[in-house]
Amino acid sequence: MSMAADKRVGADAVAAKGWLRANRWLLARRATQLAILGLFLLGPLAGLWIVKGNLAYSYTLGILPLTDPYVVLQSAMTGHLPEVLGAVGVVIVLAFYWLVGGRVYCSWVCPVNIVTDSAGWLRRRLGIKGSVHLARETRYWMLAMTLLGSALTGVVLWELINPVSMLHRGLIFGMGFAWTIVLAVFLFDLFVMSRGWCGRLCPVGAFYGLIGRFSPVRVSAPARAACNDCMDCFEVCPEPQVIRPALKGAASGTGPVILASACTNCGRCIDVCSKDVFRFGTRFNNALPVSEASGDPAAAPGKF
Amino acid sequence: MASTDETAPAVARKSVARRQFLFDTARMACGVGMLGLGLGLYAKQSKALPALALRPPGALPEADFLGACIRCGLCVRDCPYDTLSLARPETPVATGTPFFTARQIPCEMCEDIPCVKACPTGALDHGLTDINKARMGLAALIDHETCLNFLGLRCDVCYRVCPVIDKAITLEVLPNTRTGRHSMFLPTVHSEHCTGCGKCEQACVLEEAAIKVYPVALAKGALGRHYRLGWEEQKKAGGSLIDEKSMLDLPDRLPEGTRLPGHYDPGGGTTAAPGSVPAPVPSAPPGMVGPGGAVVPPAPPGMPGSVAGPVPSHPPGLGGGQ
């Protein structure tokens, strides 16, 4: 670990690569999140209707339908199927996230990401240590509960309280008291559980993680030999358990590609590494044959 | 012996691991299950749509709607009149679903129904292509005490603004018994034609509308399924369905000497002549005597029994096919 006086995460990277390069994926991500939100807001705020709707379903320029497959799946559980445009939107979104990584939705699109990232950042700055323990698989139980619950109640169940759609819809169609739910998520992540919402509870993230189970685009640690064990990547990573097999798997013949579907492809590990260990790549660049890698415990579901 | 020494701890370890797994699973199932139970009860509550919140045209019945609508707001966006809005968490309508309040902004009944076309899920039924067939609710003149037309005035605003004027709302003329010399034009809603657009409710000039649009289930009564309307059945059958000769006739219990013009007396098999002057009876029962003390005048032409005949097919009270 660096002996620098500044122990802040990423300080080494800033010193080694400069502030811009040590934050470029974070900046790209924030720019993307805000640009997407901006496109949605351009209509209601400026009367420029490029995109109509919200993250559940949107219609761009009268040609491109995009539908949230998770909401449609809940609706399907109640016995209702989408119309043609809605169905086309599902196919497009599924194909896109399968390609770039399912949880790219979480780190590059979802508006709650900014909220929970802020909570995580503040938690580090304030040095809040204690955290309630909750297994990371909880989100898959949540996912199952929302789907089963939709079938039993006949209501698109998670949308009654989903903070993701509430925040996004609130920003575009009028916030009302939706901010209370968003604040609750922020405070939960800050005081109750580190990375609690996105990392353990949110069924939307769980669903998108499953979509990206076999995504070709992955973060890899090709220069893992250069790792100086500063632990900065583990500190900033919202799903730190995904890093270990890729970064430290040389001895056991694992990696260097991060294959775990919980990885959000946020690229923050690339930013904060002063040794440039990580980079974006594909899952096929793995040192091992793909068949062997997928049989690896690191890639097995339930292990993240 | 050596082998058992080695396997026993392994078995014990395995058993502990299995117990731990079962406990973890049970804990997870119980925790998430409780959350699901709460959410399910909340979902049940969310099905209680407030009476004055109306769904867009073509909306499925509420129970289906909450399963089909994905809360995208495209119908809201494509409504040219800003009628629709998405429910916020504090609104007593399922969060994120579209609704409108007729008193604020009613539905303008666009002929091309853009809200339905925009819906990506069929929560708004794409089979609805004629806006006149929409049934967003049903208007009901709910307050007969404050409606100006019931007070004898000619407000008529709800009738005038109705997009389906003279079908969905008609003015029914009745004598104004308060003044004794005027008519009342009572706005009357016909469920067969009312789309529930809410223009009448919005336009009602009162501080609180006397005519309101409610969900059809709230606004509409229903006859018993076994009920038959005698006059409809007669029309279908082309004549009386019973043997009128064998009909049991109870005494009319009129004051002695009273004769009701046009009254059919099955017992005697005769009808009092319509033009005949009734015998003046000092103590005629109320309702039989007009305001000026004159005994009820002969029934106007067209009323049951007005056409004198030996045996009219419809005794009064059983309907006259009018």
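This is a short tour of a predicted model, stop by stop.

**Stop 1: the two domains of chain A**

Start with chain A. Where they touch, domain 1 of chain A brings 16 residues and domain 2 of chain A brings 14 residues. Together, domain 1 of chain A and domain 2 of chain A bury about 1,100 Å² between them. Carbon and sulfur atoms give 44% of that area.

Which residues of domain 1 of chain A lose the most area to domain 2 of chain A? Select A:Arg103, A:Arg124 and A:Arg136. Together these arginines make up 39% of what the domain 1 side buries.

**Stop 2: polar links between the domains**

Stay at this boundary. Three salt bridges are counted between domain 1 of chain A and domain 2 of chain A. Now pick A:Arg139 and A:Glu239. Their side chains meet in a salt bridge, 2.9 Å from N to O. Nine residue pairs are in polar contact across the interface of domain 1 of chain A and domain 2 of chain A.

Next, show the helices on the domain 1 side. Helices α4 (84–100), α5 (104–109), α7 (138–153) and α10 (196–201) of chain A each supply at least two residues that touch domain 2 of chain A. The largest share, four residues, comes from α5(A). Colour this side of domain 1 of chain A by class: seven residues are nonpolar, four are polar and five are charged.

**Stop 3: helix α2 of chain A**

Move to A:Leu26. This residue sits in helix α2 of chain A, residues 24–46. Is A:Leu26 buried or exposed? A:Leu26 counts as buried because its relative accessibility is 19%, and the cut-off for buried is under 20%.

A:Leu26 is in contact with both, leaving aside its neighbours within four places in sequence. A:Leu26 and A:Arg268 are 242 residues apart in sequence. In space, their C-alpha atoms are 6.2 Å apart.

Select A:Asp276 and A:Arg21 next. They form a salt bridge, with the closest N and O atoms 3.0 Å apart. A:Asp276 is in the loop between α14 (268–272) and β5 (279–282) of chain A, and A:Arg21 is in the loop between α1 (11–17) and α2 of chain A, so the pair ties together parts that are 255 residues apart in sequence. A:Asp276 is partly exposed, at 34% relative accessible area. A:Arg21 also counts as partly exposed, at 36%.

One more selection in chain A: A:Arg29, A:Arg30, A:Asp117 and A:Arg195. A network of salt bridges links these residues. Side chains of opposite charge can pair when their charged atoms come close.

**Stop 4: where chain B meets chain A**

Bring chain B into view. The contact takes 40 residues from chain B and 40 residues from chain A. About 3,300 Å² is buried between chain B and chain A, with 71% of it on carbon and sulfur atoms.

How many salt bridges does the rule find across the interface of chain B and chain A? The rule finds one. Zoom in on B:Asp78 and A:Lys52, which form a salt bridge with their closest N and O atoms 2.7 Å apart. Polar contacts join 11 residue pairs across the interface of chain B and chain A.

Now show α1 (2–46), α2 (62–68) and α3 (74–78) of chain B. Each supplies at least two residues of the side that touches chain A. Helix α1(B) gives the most, with 11 residues. The side of chain B that touches chain A divides into 22 nonpolar, 11 polar and seven charged residues.

**Stop 5: salt bridges inside chain B**

Finish within chain B. Select B:Asp130 and B:Lys133. They form a salt bridge, their closest N and O atoms being 3.6 Å apart. B:Asp130 is partly exposed at 31% relative accessibility, while B:Lys133 is exposed at 59%.

Then select B:Lys212 and B:Glu208. The closest N and O atoms of this salt bridge are 3.2 Å apart. B:Lys212 is buried, with a relative accessible area of 11%, whereas B:Glu208 counts as exposed at 53%.

Last, zoom out. Over all chains, the structure holds 18 salt bridges.

Methods. Residues numbered from 1 in each chain as written. Chains lettered and ligands numbered in written order. Predicted model: local features only at pLDDT ≥ 70, side-chain atom pairs only at ≥ 80, totals over all residues. Heavy atoms only, no water. Buried < 20%, exposed > 50% of the residue type's maximum accessible area, 1.4 Å probe, protein only. Contact = heavy atoms within 4.5 Å. Buried area = accessible area lost by both parts, 1.4 Å probe. Salt bridge = Lys/Arg side-chain N within 4 Å of Asp/Glu carboxyl O. Polar contact = N/O pair within 3.5 Å; in protein donor to acceptor, adjacent residues only side chain to side chain. Nonpolar A, V, L, I, M, F, W, Y, C, P; charged D, E, K, R; others polar.
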